[in-house]
Amino acid sequence: MIEIPAKLVRNHSLKAADWLNGLPGAVERYVDEWQLTISGDPLSGEASLILPVVRRDGTAAMLKLQRVDEESESEALALRTWHHDDVVEVLEDDPETSTLLLERLEGRSLDDLPDAVEATRILAELLVRLSAVPAPPGIRRLADVAAGMLADAPRLIPLLADPAERALTWRLVAQVTELLPEPGDRLLHWDLHYYNVLAAKRQPWLAIDPKPLAGDPGFELMPAVWNRWDDLVATGDLAQAIRHRFDLMLEVTGIDRDRALGWTAGRILQNILWFTEDGDTRIEDELAAVTAALLV
């Protein structure tokens, strides 16, 4: 028997109770099928159960179980498409359930690097290598994701309580509408932030946990901008710190500024719509701060 981490239960008890209840049986199945031995306590991401395991040949690995959805179904394909030296290795996978057996990395992430500027530079350099790769067939497209935002906007934006915030969000819609005819074709990670880059023995840093998209690399910048938020606040000038971080990302990646700003507007819009659909009636403070620093 395994104990399901409380965070996973909290995140999925209402919308995915059947999946949660089936996890012990799924663990037993893959431990048997892939000849694994559980070697530590279960861990949890926001949407996955992760178990330290050892393969029959003694290789340490991580068993990752997650629901099948549009974010998880292409994870193995993306990890195998990118260069081996940039991402965690897939040792086994079951496409029907999005279950993965991954190489075991060190527990240290870029979030643990004391120098936030250096962490951002490393992440940006990794982004350059990942976004140089064309997306393979079958990856969901940023064009479709963005079109979905534009379709949802008329229903959700009126739920914002502040007229100024509604007007601001409509300006974000306009920026995404302008970019939509040229959505890009690179293989995007979508969630490339500091916690999703881990230290390893075979390379200093490797990316994990992609939510693959085919699209424009400008859509990749926002996670790096608004994670490690306390480091930005600690500078004493939040807006300037946001701009400095964004400019560093552009300097390293060479992404066109206008397209980067436009697709960052898209990421902000995406989050506003998500949070509004979940019941929020105001724009979250961090999103408002990034918008004010970069787009207003």
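This is a predicted model: local features need pLDDT of at least 70, side-chain atom pairs count only at pLDDT 80 or more; totals for chains, interfaces and linings use all residues.
## Helix 4 against helix 9

Let's start with the packing of two helices. Helix 4 spans residues 116–131 and helix 9 spans residues 238–253; their axes come within 9 Å and cross at roughly 40 degrees. Helix 4 is therefore oblique to helix 9, and the crossing is right-handed.

On the helix 4 side, the residues that meet helix 9 include Ala116, Thr120, Arg121, Leu127 and Val128. Their partners in helix 9 are Arg245, Leu248, Met249, Glu251, Val252 and Thr253. Sorted by class, this contact has nine nonpolar, two polar and four charged residues.

## Asn227 in its loop

Asn227 lies in the loop between helix 7 (222–226) and helix 8 (229–233). Its side chain reaches back to the backbone oxygen of Pro223 at 2.6 Å.

Beyond its neighbours within four places in sequence, Asn227 is in contact with His193, Tyr194 and Arg245.

## Two positive phi values

Most residues other than glycine have a negative phi, and here are two worth a look in your viewer. Gln35, in the loop between helix 2 (17–33) and strand 1 (36–38), has a positive phi of about 55 degrees. Its relative accessibility is 42%, so Gln35 counts as partly exposed.

Trp190 sits in the loop between strand 7 (186–188) and strand 8 (197–199), with a positive phi near 80 degrees. Is Trp190 buried or exposed? Trp190 counts as buried because its relative accessibility is 9%, under the 20% cut-off.

Terms used. Residues are numbered from 1 along each chain as its sequence is written. Side-chain values use heavy atoms; hydrogens and water are left out. Helices (H or I, at least four residues) and strands (E, at least two) are DSSP runs, numbered from the N terminus. A polar contact is a pair of N or O atoms within 3.5 Å; within protein, one must be able to donate a hydrogen and the other to accept it, and residues adjacent in sequence count only if both atoms are side-chain atoms. Contact means heavy atoms within 4.5 Å. Axes are lines fitted to C-alpha atoms, for helices over the stretch in contact, and angles run from 0 to 180 degrees between N-to-C directions. Angles under 35 degrees count as roughly parallel, over 145 as roughly antiparallel, 65 to 115 as roughly perpendicular and the rest as oblique. A crossing is left-handed if the near helix is turned anticlockwise from the far one by less than a right angle, and right-handed if clockwise. Ala, Val, Leu, Ile, Met, Phe, Trp, Tyr, Cys and Pro count as nonpolar, Asp, Glu, Lys and Arg as charged, and the others, Gly among them, as polar. Buried means under 20% relative accessible area, exposed over 50%, partly exposed in between (1.4 Å probe, protein chains only).
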